[in-house]
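Have a look at the model first, and then we'll walk through it.

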Amino acid sequence: MIKARVTVTLKNGVLDPQGKAIEGALGALGFDGIGQVRQGKVFDLQIETGDQAKAEADLKAMCEKLLANTVIENYSISFA
Amino acid sequence: MHSISAPSALNRASAASETASNCMSFKRRRQGLNRTMKSAVVQLPGLNRDRDMIAALTKISGKAPVTVWQTETELPDVDLIVIPGGFSYGDYLRCGAIAARMPVMQAIKAKAEQGVKVLGVCNGFQILVEAGLLPGALMRNASLKFVCREVKLEVVNADTDFTRAYAKGQIIRSPVAHHDGNYFADAETLKSIEGNGQVVFRYAEGTNPNGSMGDIAGVMNTSGNVLGMMPHPENLIEAAHGGSDGRGIFASALEVIAA
């Protein structure tokens, strides 16, 4: 079994109002010097295969088809 | 099957039906058509504006729409397919993302390619962009708040199958109710949709409720047969709603007005 992590983040230049609100809240808690906060998503997947190359290809397809909206988001794949 | 419950609503529906059939006979004579325009409403778990949409289509066209469940892969022969608003799949992952991958969407894509009119309202708009039938994306409102109020819309393009009942530049009233209606497209896409006349509705000056780029409230595809919009025209179609500004969209799409 392969354990993988997919991280989805907003592309540069896409407004992230949630990140902005978190940035403001961190400032209100007294954390100074925060340049920017961008919020993203993490997906942990377990795949029933021993073939990492196939898993990687499948994960890429999953990102393109569902996990990320590539109009506004980037994704990256890593293995545990 | 859905029925209209209040007797007064029935009366109104039959009055609308008479008006519609008068217009339709004119239309039939003009176009040589031998039938009433037919519509379908798509139903998915979590959508909750389907009944409003069914009522609006019934009252305006005089004919109840066919309802289509998400697992259906073959669609009835209709002139207009409507994806109503709501919170399909609880807005999980991204609004409309899961609904956009359901079997019925493949069938809708095929119909859209054949030129059948498709209208997505609110969550329906989010589903259409997630399915790739319309450009751009709909993000969390810039205010981070759910907005439920009335806005004013400018009819930017009145030369479409959905807006010919209006005049270019006309300002109409429309309710909005959404958390993720902040329209985004990259600079290149934005330039092309603006240039092609694909921006059909804009929030009138000072009423943008969600931070949408270019105040965009509704966009269509390049062929002009698929329209998505965040506002809810189906909730402003008769005196009991406090106005009927939204009626023109359905009247245009169902050709119950003289083109």
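Putting chain B and chain A together buries about 1200 Å², with carbon and sulfur atoms giving 68% of that area. Buried area here is the accessible area (1.4 Å probe) that two parts lose on being put together, summed over both. On the chain B side, Leu93(B), Arg94(B) and Met139(B) lose the most area to chain A, together 40% of what that side buries. The contact takes 17 residues from chain A and 14 residues from chain B, where contact means heavy atoms within 4.5 Å.

Before going further, some housekeeping: this is a predicted model, so local features need pLDDT of at least 70 and side-chain atom pairs count only at pLDDT 80 or more, while totals for chains, interfaces and linings use all residues. Residues are numbered from 1 along each chain as its sequence is written, chains are lettered from A and ligands numbered from 1 in the order in which they are written, and side-chain values use heavy atoms, with hydrogens and water left out.

**Charged pairs**

How many salt bridges does a search of the whole structure find? Over all chains, the count is twelve, taking a salt bridge as a side-chain nitrogen of Lys or Arg within 4 Å of a carboxyl oxygen of Asp or Glu. Between chain B and chain A there is one: Arg94(B) pairs with Glu73(A) at 3.8 Å. Here are some of the pairs.

| Pair | Closest N to O distance |
|---|---|
| Arg164(B) and Asp161(B) | 2.8 Å |
| Asp180(B) and Arg140(B) | 3.1 Å |
| Arg94(B) and Glu73(A) | 3.8 Å |

For Asp180(B) and Arg140(B), joined by a salt bridge, the pair links distant parts of the chain, 40 residues apart: Asp180(B) is in the loop between strands E7 (171–178) and E8 (182–184) of chain B, and Arg140(B) is in the loop between strands E5 (137–139) and E6 (147–155). Strands (E, at least two residues) and helices (H or I, at least four) are DSSP runs, numbered from the N terminus. Asp180(B) is buried at 8% relative accessibility, whereas Arg140(B) is partly exposed at 24%. The cut-offs for relative accessible area are under 20% for buried, over 50% for exposed and partly exposed in between (1.4 Å probe, protein chains only).

Asp58(A) and Lys54(A) sit four residues apart in helix H2 (residues 52–67) of chain A, so about one helical turn separates them. Asp58(A) is partly exposed at 30%, and Lys54(A) is partly exposed at 45%.

Arg164(B) and Asp161(B) also form a salt bridge. Elsewhere, salt bridges that share partners join Lys41(A), Glu73(A), Arg94(B), Arg101(B) and Glu130(B) into one network.

**A buried helix and a cavity**

Helix H4 (residues 123–130) of chain B has eight of its eight residues buried, so the rest of the structure largely encloses it. Among the buried residues are Phe125(B), Gln126(B) and Glu130(B). Just after H4(B), Gly132(B) takes a positive phi of about 80°.

The structure holds two cavities of 30 Å³ or more. On a 1 Å grid over the protein atoms alone, a cavity is a set of points where a 1.4 Å probe fits but cannot get out, and lining residues have an atom within 4 Å of a point. Grid points are joined across faces, edges and corners, and a volume is the space filled by probe spheres set on the points. The largest cavity has about 50 Å³ of space. Its lining includes Gln126(B), Phe146(B) and Asp180(B).

Conventions: On a 1 Å grid over the protein atoms alone, a cavity is a set of points where a 1.4 Å probe fits but cannot get out, and a pocket is an open set with protein on both sides within 12 Å along at least five of seven lines; lining residues have an atom within 4 Å of a point.
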